[in-house]
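Take a look at the model below. We will go from its surface to its core, and then to the parts that call for caution.

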Amino acid sequence: MLQIHSRKIVAALVAMALFAGGPVLGSAVASEGTMAVEAKKEQNVFKGKIQGVSKKAKSIAIEVGKGESAKVMMVRFTDATVGMEFAVDGDAAIIAYEVVGKDKVATVIKPKLAELPEGVTEMHPEELMELVAMGPEKGKYLLVDSRPAPRFADGHIASSVSIPVEKMKKEGAALMPADKDIQLIFYCGGPT
């Protein structure tokens, strides 16, 4: 993974939200009481790769853990389960469930997004749109589209440059501007 220190690095959560103008993940301040509730809810969560979805059996298989300790867990879903569009074979997901009798029943399914490395912050689409409106010189930024080059050619955010992940891995910091005050902003095609 590329690590560039002494710069402000931002991962923009743009994907489709930028164009739709929709909200992006936010943060909330929780009291101790709500934190205890959240900790308990965290116990009823599976995070991993979807191994299969059976609409007939109304079940989802999700691989939890890594390596030899990985296990495939089964979760049922109902018509009330929120986020079934994220239960896609092969995609990483987070499934919150409740125990009903002997069954684990999915209540909410979300895409499992990559965690940002230390020193990298998230940028909301509205902030990015303001910068893009100013332009790279006035806004003092470099906006990097890290998707494969053909995807960039199909369409991209104004003022962005194409530096696909594979190129970034090979050439790294040499691709970045010498001016350390320029904010680096990266975006990709969606959940990873």
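Now the overall build. The protein has 192 residues, and 31% of them count as buried. Its secondary structure comprises six helices and ten strands. Taking pairs at least 6 apart in sequence, 57% of the contacts join residues at least 24 apart.

Next, the interior. In soluble globular proteins, nonpolar side chains tend to be buried together. Here the largest nonpolar core holds twelve residues: F46, I50, I60, I62, V75, F77, A87, A93, I95, Y97, A106 and I109. The largest share, three residues, comes from β5.

Focus on I95, one of the core residues. Beyond its neighbours within four places in sequence, I95 contacts N44, V45, F46, I50, I60, I62, V75, A106, V108 and I109.

Finally, confidence. The average pLDDT is 82, and 77% of the residues score at least 70. Residues 1-6 stay under 50, and the model gives them eight contacts beyond four places in sequence. Residues 14-31 are also below 50. That stretch has 25 contacts beyond near neighbours in sequence. Where pLDDT is low, the predicted coordinates should not be read in detail.

Conventions: Residues numbered from 1 in each chain as written. Predicted model: local features only at pLDDT ≥ 70, side-chain atom pairs only at ≥ 80, totals over all residues. Heavy atoms only, no water. Helix = DSSP H or I, 4+ residues; strand = E, 2+ residues; numbered from the N terminus. Buried < 20%, exposed > 50% of the residue type's maximum accessible area, 1.4 Å probe, protein only. Contact = heavy atoms within 4.5 Å. Core = buried A, V, L, I, M, F, W, Y, C linked by side-chain atoms within 4.5 Å. pLDDT = per-residue confidence, 0-100.
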